[in-house]
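Welcome! Here is a short briefing to read alongside the sequence and the 3D view.

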Amino acid sequence: MKEKFDVTLIGGGPAGYVCSIRLAQLGLKTACIESRGSLGGTCLNVGCIPSKSLLNLSEEFHKVKGLANKGIEVGDVKLNLDKMMKSKDKAVTVLTKGVEFLLKKNKVTYFKGQGSFKSKNKILIKDEQNKETIIESEKTVIATGSVPTSLPGIEIDEKIIVSSTGALKLDKVPKKMIIVGGGYIGLEMGSVWSRLGAEVQVVEFLDHITPGMDKEVSSEFMKILKKQGIKFNMQNKV
């Protein structure tokens with residue numbers, strides 16, 4: 001017999017999990033479906049949290065490397081990228097597990113898998129082993145988030161051509177890296193790998209970085225990144 005819910009959330013990101021918890025608190029029988037395998041969406045898994053962790057760690061490494069110029073000698077400073085990535089992954093795991101606990105605490109039924117509609121009120125959930133579950137839901141909220149888009153004719157293989165997700169998981173520091181787009185996500189990744197030793201260039205179609213931000217802030221930010229060694233190719237397209 002199919003399990004029945006008052007409302008189902010397709011997507012367990014910051015929209016989906018918060019909405020599902022609140023609906024459950026209001027007394028509705030609620031389900032949340034997430035295909036990634038862990039809750040929290042882009043922010044917790046492959047966005048804000050891991051990028052800020054790497055920004056912080058790479059900044060510490062960069063600072064220590066520069067201490068010798070200020071008269072503080074600390075010996076041969078080496079990068080252990082594997083340990084740095086494990087530290088980043090641990091920060092992500094703690095937070096995603098925390099969200100999973102909140103769902104459980106508020107009696108939200110959590111399904112790991114891809115959700116799709118069989119009909120208006122029937123939802124098919126397919127997990128990683130292709131096992132299928134069908135549930136019934138009076139109402140459904142779609143909160144599926146977004147995925148990176150590639151350039152025409154270019155395939156993201158997450159090895160040579162990487163998305164922001166792939167840039168968080170590189171197993172070695174590349175000698176050279178080109179960032180296509182001077183938005184904050186690309187610049188975060190460029191900053192991380194530049195500090196860790198990569199030669200980074202940014203290609204941006206506009207005449208300034210971080211579109212949408214105040215022009216004065218954008219200008220000052222660019223000066224800081226240039227001091228860090230990042231090169232910019234403005235008003236260029238790929």
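The notes below go through strands, helices, charged pairs and surface.

This is a predicted model, in which local features need pLDDT of at least 70 and side-chain atom pairs count only at pLDDT 80 or more, while totals for chains, interfaces and linings use all residues. Residues are numbered from 1 along each chain as its sequence is written, and side-chain values use heavy atoms, with hydrogens and water left out.

**The sheet of β7, β8 and β9**

- An open sheet of 3 strands runs in the order β7-β8-β9, with parallel pairing. Its edge strands are β7 (176–180) and β9 (231–234), each of which pairs on one side only.
- From one strand to the next, the twist averages 20 degrees.
- Helix α6 (residues 184–195) packs on this sheet and touches β7, β8 and β9. The direction of α6 makes about 165 degrees with that of β8.
- Contact means heavy atoms within 4.5 Å. Axes are lines fitted to C-alpha atoms, for helices over the stretch in contact, and angles run from 0 to 180 degrees between N-to-C directions.
- β7 and strand β8 (residues 199–204) pair in the parallel sense over 5 bridges. Within β8, Val-203 stands opposite Val-180.

- Thr-8 has Thr-140 in β6 as its bridge partner.
- Strand β5 (residues 122–126) is joined to β6 by 5 bridges, and this pair runs antiparallel. Here Leu-124 has Ile-134 in β6 as its bridge partner.
- The hairpin of β5 and β6 has 5 residues between the strands, and Asn-130 takes a positive phi near 65 degrees there.

**Two residues in helices**

- Ser-20 lies in helix α1 (residues 16–25). Why does Ser-20 count as buried? The reason is its relative accessibility of 0%, because buried means under 20% relative accessible area, exposed over 50%, and partly exposed in between (1.4 Å probe, protein chains only).
- Leaving aside residues up to four places away in sequence, Ser-20 touches Leu-9, Thr-30, Cys-32, Leu-103 and Val-108.
- Glu-59 sits in helix α3 (residues 48–66) and is partly exposed, with a relative accessible area of 32%. The C-alpha atoms of Glu-59 and Thr-165 are separated by 20 Å, and these residues are 106 residues apart along the chain.

**Salt bridges**

- How many salt bridges does the structure hold? There are 9, where a salt bridge is a side-chain nitrogen of Lys or Arg within 4 Å of a carboxyl oxygen of Asp or Glu. In general, side chains of opposite charge can pair when their charged atoms come close.
- One of them joins Asp-82 and Lys-86, whose closest N and O atoms are 3.2 Å apart. Both residues lie in helix α4 (residues 81–105), 4 residues apart, about one turn of the helix. Asp-82 counts as partly exposed at 47% relative accessibility, and Lys-86 is exposed with a relative accessible area of 53%.
- The side chains of Lys-88 and Asp-89 also meet in a salt bridge (3.0 Å, N to O). Is Lys-88 buried or exposed? Lys-88 counts as buried, at 4% relative accessibility, whereas Asp-89 counts as partly exposed at 38%.
- Glu-100 and Lys-97 form another salt bridge, with the closest N and O atoms 4.0 Å apart. These two lie in helix α4, 3 residues apart, about one turn of the helix. Glu-100 is partly exposed at 25% relative accessibility, as is Lys-97 with a relative accessible area of 48%.

**A nonpolar patch on the surface**

- Leu-151, Ile-154, Ile-160, Ile-161, Ile-178, Val-180 and Val-238 form a nonpolar patch on the surface, with about 650 Å² of accessible area together.
- Patches are made of residues with over 30% relative accessible area and no salt bridge, with like charges joined within 9 Å and nonpolar side chains (Val, Leu, Ile, Met, Phe, Trp, Tyr) within 5 Å. Accessible areas come from the Shrake-Rupley method with a 1.4 Å probe, and for residues only the protein chains shown count as cover.
- Ile-160 is found in the loop between β6 (132–142) and α5 (164–167). Ile-160 is exposed, with a relative accessible area of 75%.

Technical notes
Pairing = 2+ DSSP bridges.
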